Amino acid sequence: MRPATFTVIVDRIHVEAMDTVSIELRASDSAPLPAFDAGSHISLHLPNGIVRSYSLVNATGNRDRYILGVLRARDSQGGSAFVHEKLRSGDSILISEPRNNFPLDESGERFVLIAGGIGITAIYSMAQRLVALGKSVEMLYCCRSREHAAWLEPIQALGLSLKLHFDVQAGGPPDLRGFLDERDRATRFYCCGPTPMLSAFESACAENGYTHAHIERFSADPSGLKDAQGAGYEVQLGRSGKVVRVEAGARLLDVLRAEGIDVPSSCEQGICGSCETSVIEGDIDHRDSVLSESERAEGKTMMICVSGCKRGRLVLDC
Ligand code: FES
């Protein structure tokens, strides 16, 4: 069995569209890579110390390689810029095992997939899986322009019902409300894209009473982070029994690290799930974009990079 992080080889880097490259990773030995399912992501531990999560593009079951899509962010803090400028074929790189915060409910028969920009990575993987399963799939793929649309030809070759929207040619964003109106409520809806698209998707699904609607964020939801952890709180470390204080405005992740606890993290914005920590007891103030409503209600786990405690004390399994 491979450890949670392991080294792979960058086998190929390919320009897929304007500002987007695919990175193909292969095992550094002959063993198959850990399995993944559609919607999964891995984290790249870049040599410059930055850790970034990227969705897997390739089809489920393909264990001889992982393929990622990386958009060069205009405001890159050194993650996507490093990948585009410094990463080369033949490099070794540390990665995390695949993880899925955006699982596909394969029990449905009809699926609507909506991708905005680089959100196509997870959506393309889902589309391949659903077509292989013989499901009815309709996809809306939105980009700034045709030149920015990665994997357009292979997506067209899948034979699903595909609608394209290019902001530049259309003069603005897509009419998601119109696209989503009056669908069968048993349809499964999936959307990955920028925050305004996700907000429009969630509103349209809520107004239409669609209960099978799922999103994945690749930037933090600002409304989820405001007013967090107003008064500070206490945390008991379940294994040692020690109690530490998280002052107002401080991050639980930083406090635990200051206590010498080795906590993994990646995005540090509540969107990747890397810092998920088990909670033994306490009233969690969830601020992440990873956990579902039912997972939040269960209260067994939290993302310590952004979440905290509403009142009293948290007891963590660490
Ligand atoms: S580090 Fe990504 S959710 Fe906390």
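How many bridges join strand β3 to β4? Select residues 41-45, which make up strand β3, and you will find that five bridges join this strand to β4, the two strands running antiparallel. Bear in mind throughout the tour that the model you have open is a predicted one.

Next, select Asp 19, which is found in the loop between β1 (5-17) and β2 (20-27). The phi of Asp 19 is near 70°, a positive value in a residue other than glycine. As a background to this, most residues other than glycine have a negative phi. With a relative accessibility of 35%, Asp 19 counts as partly exposed, because that value falls between the limits of 20% and 50%.

Colour the chain by its domain assignment, which gives domain 1 (5-96), domain 2 (110-216) and domain 3 (224-316). The centres of domain 1 and domain 3, taken over C-alpha atoms, are separated by 28 Å. In the contact between these two domains, five residues come from domain 1 and four residues from domain 3. Together domain 1 and domain 3 bury about 290 Å² between them, and 32% of this area is on carbon and sulfur atoms. Select His 41, Val 51 and Ser 53 to see the residues that supply 78% of the area domain 1 buries against domain 3, which is more than any other three residues supply.

Go on to Trp 151, whose place is in the loop between β8 (136-143) and α3 (152-157). Here too phi is positive in a residue other than glycine, with a value near 60° for Trp 151. Is Trp 151 buried or exposed? Its relative accessible area is 7%, so Trp 151 is buried.

Now select Cys 191 and Cys 192 and display their sulfur atoms. A search of the whole structure finds zero disulfides, and Cys 191 is accordingly in none, the nearest cysteine sulfur, that of Cys 192, being 7.2 Å away. Cys 191 counts as buried at 0% relative accessibility, and Cys 192 counts as buried at 2%.

Finally, select the five strands that form an open sheet in the order β13-β12-β16-β14-β15, where the pairing is mixed. The edge strands here are β13 (243-246) and β15 (301-303), each pairing on one side only. Strand β12 (residues 233-237) runs antiparallel to β13 and is joined to it by four bridges, and the bridge partner of Tyr 233 in β13 is Val 246.

End at Ser 292, in the loop between β14 (276-285) and α9 (293-298), where a relative accessibility of 30% makes Ser 292 partly exposed.

Technical notes:
Residues are numbered from 1 along each chain as its sequence is written. This is a predicted model: local features need pLDDT of at least 70, side-chain atom pairs count only at pLDDT 80 or more; totals for chains, interfaces and linings use all residues. Side-chain values use heavy atoms; hydrogens and water are left out. A disulfide is a pair of cysteine sulfur atoms within 2.5 Å. Buried means under 20% relative accessible area, exposed over 50%, partly exposed in between (1.4 Å probe, protein chains only). Two strands pair if DSSP finds at least two bridges between them. Domain bounds come from an automatic or database domain assignment. Contact means heavy atoms within 4.5 Å. Buried area is the accessible area (1.4 Å probe) that two parts lose on being put together, summed over both.
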